[in-house]
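Here's a quick briefing on the model below. Have the structure open while you read.

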Amino acid sequence: MRAVVVEKPGPAESLGVTETPAPAPGPGEISVDVSYAGVGFVDTLFRAGAFELPLPFVPGIEATGHVREAGPGVTGFEPGAPVGVLLNDFGRGPRAGGYAEVAVAHASMATVLPADADLARMCALLINGVTGWLALHDLARVTDRDTVLVLGAGGGLGSITGRLAAAHGVRRVVGVFGSEARKPADGGEWTDMVLAADLAAAVAEITGADDGGGVDVVIDPVGGDLRTRAFDLLAPFGRQVVVGNASGQDPALSGDAVWLHSRQLLGLSLGGVAHAVPERVGAALSAVVDLVHRGVVREPAPAVLPLDRAAEVHAALENRTAPAKTVLAVR
């Protein structure tokens, strides 16, 4: 099969398509004839050697396609059925593998898609959608009384989290953008859009933070200085959910500030816990796919590039010029 294989850590231009044996499913697994593979910033970290992974390694932690074969003990996945899979259950051992014509997923990390589903659009929402859903629904437990602040609102994870927050019926959805150019022209799902540089003043105006208010929930895929500034804007009983660290900077947060201001600091690393909470992952997958398929969440079409342009997409992600989401057309 054709696949993009990382033989050793290197720059984006080191990626290329090669021929490699197709994998077969083991017990509890399915193999998928991949149509589309999602590309995310974490893939650039895998390629660059930020994590200790066995080499050679095929990036790609989300994919859509059609069931090729079901392994021993697997039911409910008929050959040829359209399917979406997550490939980041690293707690079971090495996984990923989306940038390839055939990928193997654990059945608990897969969902059968509607027959008329747009496979490119569905691929674009899998990882980010499940992460956003779990952060809002399972960890922050948002209600219709909450004001939700989403950092990195112009990125793939931030943008779909904003749409999911709106679908949850929260009171306000505030998107934080790095620049004016990253803001959507039509406002989209955002009740308010603010610039990171103006964060404190903007939130004070929106929520009355100077009078003891603040935001109820912060979703944080960014880290760095923005993480600490957002934490300081939480209302009493506010929850900040850390779902990533795109900045690469991990500042310390004060335990006394958590205690004295009655705030909660939460974290979600889907790849680290997916194997331990398969029922939560499955429920989130089903919920997000259903919302998008029914049009409740209007997920925009991703950029689509062929598999042999994976290096180009990685470079764009690293220099912050990529669109909110890109998927690779594998077949």
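The protein chain exposes about 13900 Å², with carbon and sulfur atoms supplying 52% of that area (Shrake-Rupley method, 1.4 Å probe; for residues, only the protein chains shown count as cover). Keep in mind that this is a predicted model: local features need pLDDT of at least 70, side-chain atom pairs count only at pLDDT 80 or more, and totals for chains, interfaces and linings use all residues. Residues are numbered from 1 along each chain as its sequence is written, and side-chain values use heavy atoms, leaving out hydrogens and water.

**Overall build**
- You'll find nine helices and 15 strands in the protein chain; these are DSSP runs numbered from the N terminus, with helices being H or I of at least four residues and strands E of at least two.
- Roughly 60 × 40 × 40 Å is the box that the C-alpha atoms fill, taken along the principal axes.
- Buried residues (under 20% relative accessible area, 1.4 Å probe, protein chains only) make up 53% of the 331 residues.

**Charge**
- There are 25 positive and 37 negative side chains, and the centres of the two sets sit 1 Å apart. Lys and Arg count as positive, Asp and Glu as negative, while His and the chain ends are not counted; each charge is placed at NZ of Lys, CZ of Arg, CG of Asp or CD of Glu.

**Helix 1**
- Helix 1 spans residues 41-48, and Asp43, Thr44, Phe46 and Arg47 are buried in it.
- Those buried residues pack against strand 3 (29-39) and helix 9 (310-318), judged by contacts, meaning heavy atoms within 4.5 Å.

Technical notes: Buried means under 20% relative accessible area, exposed over 50%, partly exposed in between (1.4 Å probe, protein chains only).
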